[in-house]
Every structure is written in structure tokens, then in C-alpha cells.
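Here is a colleague's note to read with the structure open beside you, taken point by point.

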Amino acid sequence: MAETLLKADKLKNFINGEWVEVKETTAVVNPANGKTIVEVPLSEGAAVNSAVESAKKAQKEWAQVPAPQRAEVLYRVGQIMKERKERLSQLLTMENGKVIEEARGEVQEGIDMAFYMAGEGRRLFGQTTPAELKDKFAMSQRCPVGVVGIITPWNFPIAIATWKSFPAIVAGNAVVWKPATETPIMAYELAKIFEEAGLPKGIINVVFGKGSTVGDAMVNHKDIRVISFTGSNDTGRSIASKCGEQLKKVSLEMGGKNAVIVMDDADLSLAVEGILWSAFGTSGQRCTACSRVIVHEDVKETLQERLLAEMEKLTIGDGLDESIKVGPIINESGLEKIKKYIEIGKEEGAKLLAGGYELTEDNHAGGNYFAPTLFTDATPEMRIAQEEIFGPVVSLIPVKSFEEAIEVNNGVSYGLSSSIFTSDVNKVFKAQRDLDTGIVYVNAGTTGAEIHLPFGGTKGTGNGHRDSGVQALDVFTEWKAVYVDFSGKLQRAQIDVE
Ligand code: UN1
């Protein structure tokens, strides 16, 4: 099936509008069945150099193209993505494992981002402001940065790529892009779409390969002026320190330890649905996934019983099958990490109520499947309640009050998403104010951020920048202040004349 959908057995880099073959490759494996889908290049640093060279040249002209015309390319990209939505979704499920309805949702996120960012071609607002002096005009405007580097993860291989590349392109930059080695097909497909949409050569360059080679070469390249990264905390920190030494702008999004708070006045059926979806959707492999449930002690027993009953109904398997609700884990090492945390949770004294094991029976053979897992009676300081697991594992933490719930929510090193289920309007407003995360939901789970709002978080989740929304433009533009003096004489500012 992959062969007929993909029409390639070996992917190529896309540099300066050319498809460039690379000798060394590695297999891309479907996590649902362990079968190889395609070979992906393992590029050397030299590929980054040639990508940057072409990007530099192309960007100079691209920056001169009026932004509304740059945006037209994005409209065409959105249109082609729309036409290919089903095909892209199936390929996404094959390389990433997420169930097909979620894959369609992710591709739709990319389409939405295309049309939304295309609109920015006619906005890209700056500001005019009064000047201090007579007959003087002052304004600030957004300017492209030049060549930008984007490094994207395997868990949202197309949506996150659009969050970064579309604002970069509409703002007049050229992009060097390293997609995750686990999920290169979405990058290959998107590059083809850019090509068909008429994006000039060199404006998007895709270099496949390992982070340690390709990513490092990008981070250390003097002509890449911005790095926008989504991925693990360790990698993000190392990128940040390398960029710091070079005074290079860096935007980081590095995960979460997101909680759903369930108060004693909550609609419990709604809360159960919200927890199920945000904890076990995408097999918990979202930065926004819920991995803690902070529950008022008066409703803990009922909530946990109802959760258990619903968890039993979850179907686990190959996401191409429309009846499946939970797909596989991306790879062996993802699986090993989850298993490690199950042992940690048990040792720490949390009570394992469901799951906690890998699925290996015949209908799961060859894939990486993990049973949806529920711990209860966890305490806030346990490692399973502090560290990102990136799998279908959720821990219930009982609390006595609203104030304690907020404190527990905020008592982790991450700050991406949080949610509260309550019917008390005062708690709603207090919670949205006091929850220390970049995204807050009321009466909904922790996942499902929309592309026209800023995406990112506080503390260890990032470094203050945001993906998507108009806020993404702050990453990919420099502000320029412009003063025009039309008085006809030299007016000196900031001089006191008595
Ligand atoms: C991620 O997990 O890195 O908010 C992105 C959501 C999705 C995006 C998740 N729209 O859950």
C-alpha cells in the first residue's frame, strides 16, 4: 500500500529546487507492523552547507516579492493539501502510527495553517506611532530575518512543519528544514507540494538525517539566523546553549506534564471523555497529552471507576483500521521509556489500576503497542507525576481543595497545557488566571490547540516564544523602527534646549 501511495522507495533531499540523492540511508518503519516503508537519507553536514547557500541566494529575491504575492503560494499549497488530504493522512498513519481520524485532523491543521498564514500576506502589521518631534514620522515594521532553520518532531510531522515554515515563508525568509528521521514522508510530500505550488527554488530546502549531524550543522551554521525547534527537553537545552554562544535567536517547544483538574462540582461524564481523549489519543504521544489527573478526593473513586470502564472499550491496533482508537508507540526506544516509567511508578508506591504492559499477542505482532495505563493514589512529587512519559499512561493525584489542585498543577517543571472541569464560574476565572501554562482549557481535555492561537508554554516547555498564531511571526521577523523627518532641517532628538 505504501508503495502505491508513495511512488518512491528511497527519499531524496530537496535542495535549491532539486531532488538530491544521498548514498547512506536508513529504513523508515511503520510502527504498526514493523515493516519498512521507505529509505530516508542520512545526510552529511555538507548538505546543510549547500542548502544554506541556495537559501541565502533565493531569499534575497523572495524578500522583494510583495507579501500578498508570497502568500498566494501558500493558498496554492493549502489547496493542493486539501485535494490530497486522504492520501497524506494515510501516509501519515503509516509512518507515525496515529489513528486515521487523528491523521486527518493533523493534515487539516496544516491546511488551516496555510490559509491562515496566507492571510498574513495582506496584514503582517507593523505600527505607526507619533514621533517626538514636529514634522517627523515614525513606524515599526516586520522584516524577514534571512535564512531560518526549522527542526520538527515525529509526533506531528506535518502540522508542526506548517506552524514553522508557513510564517517563515510568508514573512520573506528562506528555510532549511530537518524533519524527524522517523517520519520523513510528510516532509517529502510537503516539499513536493511547495514545488508544485510554484515556490521559487531555494526557499524551502529539506535535509534529511540525524540530529547530531544535520541538526548540529544547522545550529552551528553562521548564516542560519534563527532556529525553531520542537522536540525533547535535552535536545532543546543543548540547542539553546549552542545558539546562546552564537547570539542566535532560538525558539523552543519541548513538551509538558499536562494535567486535567476534576473538581467535586464537575460534570464527571464530560471529564471522563476529556481525560480519555487527551491521555490516550495519539497513544499519549502529544506534547499536550494529559498525563496527570488532579482530582478532588470526594469524586476520586467515582471518576476512577468510570474511567476504568471506558478504558476497557478502547481498541488498540493499526490506525489504518477505522475502528481503532489507540495506535502504536513510535519505536522501540519510546516503548522502553514507557516501560521504565511503569516500574518507577510501582516502586514509588502508586497503585496500578489498568494496563502497564506491552501488547504482544498475534494481532499486535510486529508493532509497538502499549496498553492504556492508569495509576491512582500518586503523589505530586513522584517521578511519574513530574516527568514526561510520552505514552498512554495517566496518574490520578487526589487533592482536598481547588487551591491545592492549582498548586499541584503548577508544581512541575513544564508549563504547556492544563485543564479544569468545574461548573463553578468563579473557579473558571480563577483557574484561567492562576494555571501556570501557555494553554488553559475549561471543561475540555488538554489537547486540541487551534492554529490561530499561540502555541507554547512556560518554564521548561520553552523559552518564551510561540509557534502558530500571529505570534509565530515574532520568531521569523525582526522589528525595524523607521523615522522619516520631513521638516527640511536637522532636528535633533533627545536634546534639551532651554
Ligand atoms: C504536539 O503535541 O506537539 O494541541 C502538538 C494539540 C495539537 C498539537 C499538538 N493541535 O494537541
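Predicted model: local features only at pLDDT ≥ 70, side-chain atom pairs only at ≥ 80, totals over all residues.

1. Two strands count as paired if DSSP finds at least two bridges between them.

2. Is E18 buried or exposed? Seven of its seven residues are buried, so E18 is largely enclosed by the rest of the structure. The covering applies to both faces, with Val393, Ser395, Ile397 and Val399 buried on one side, and Val394, Leu396 and Pro398 buried on the other.

3. At the E21 end, strand E20 (residues 417-421) pairs with E21 in the parallel sense over four bridges, and Ser417 stands opposite Ile439 of E21.

4. Another sheet in the model is an open one of three strands, in the order E5-E6-E23 with antiparallel pairing. Its edge strands are E5 (127-130) and E23 (477-485), each pairing on one side only, and neighbouring strands are turned by 25° against each other on average, direction ignored. E5 and strand E6 (residues 136-144) are joined antiparallel over four bridges, and Gln127 has Ser140 in E6 as its bridge partner.

5. In soluble globular proteins, nonpolar side chains tend to be buried together. Here the largest nonpolar core has 95 residues, and those touching the most other members are Val48, Leu74, Ala114, Val148, Val175, Val176 and Ile227. Helix H5 (residues 100-120) gives the largest share of this core, nine residues, and at least three residues come from each of domain 1 and domain 2. Not counting residues up to four places away in sequence, Ala114 touches Leu74, Val77, Gly78, Met81, Thr162 and Phe166. A second, separate core has 52 residues, among them Ala180, Tyr341, Val393 and Phe402.

6. How is the protein chain divided? Domain 1 consists of 2-254 + 462-481, and domain 2 of 258-442. Their C-alpha centres lie 31 Å apart, yet 16 residues of domain 1 are in contact with 19 residues of domain 2. On the side of domain 1 that touches domain 2, helix H4 (85-96) and H5 each supply at least two residues, and H4 gives the largest share of that side, three residues.

7. As for the record, an unreviewed UniProt entry lists residues 19-482 as "domain: Aldehyde dehydrogenase". Over residues 19-482 the chain of this model is 40% helix and 22% strand, with its end C-alpha atoms 41 Å apart.

Terms used. Residues numbered from 1 in each chain as written. Core = buried A, V, L, I, M, F, W, Y, C linked by C-beta atoms within 7 Å. Buried ≥ 20, exposed ≤ 12 C-beta atoms within 10 Å, placed from the backbone. Domains from an automatic or database assignment. Contact = placed C-beta atoms within 7 Å. UniProt positions renumbered as here; feature names shortened; annotations may be inferred. Axes fitted to C-alpha atoms, helices over the stretch in contact; angles between N-to-C directions.
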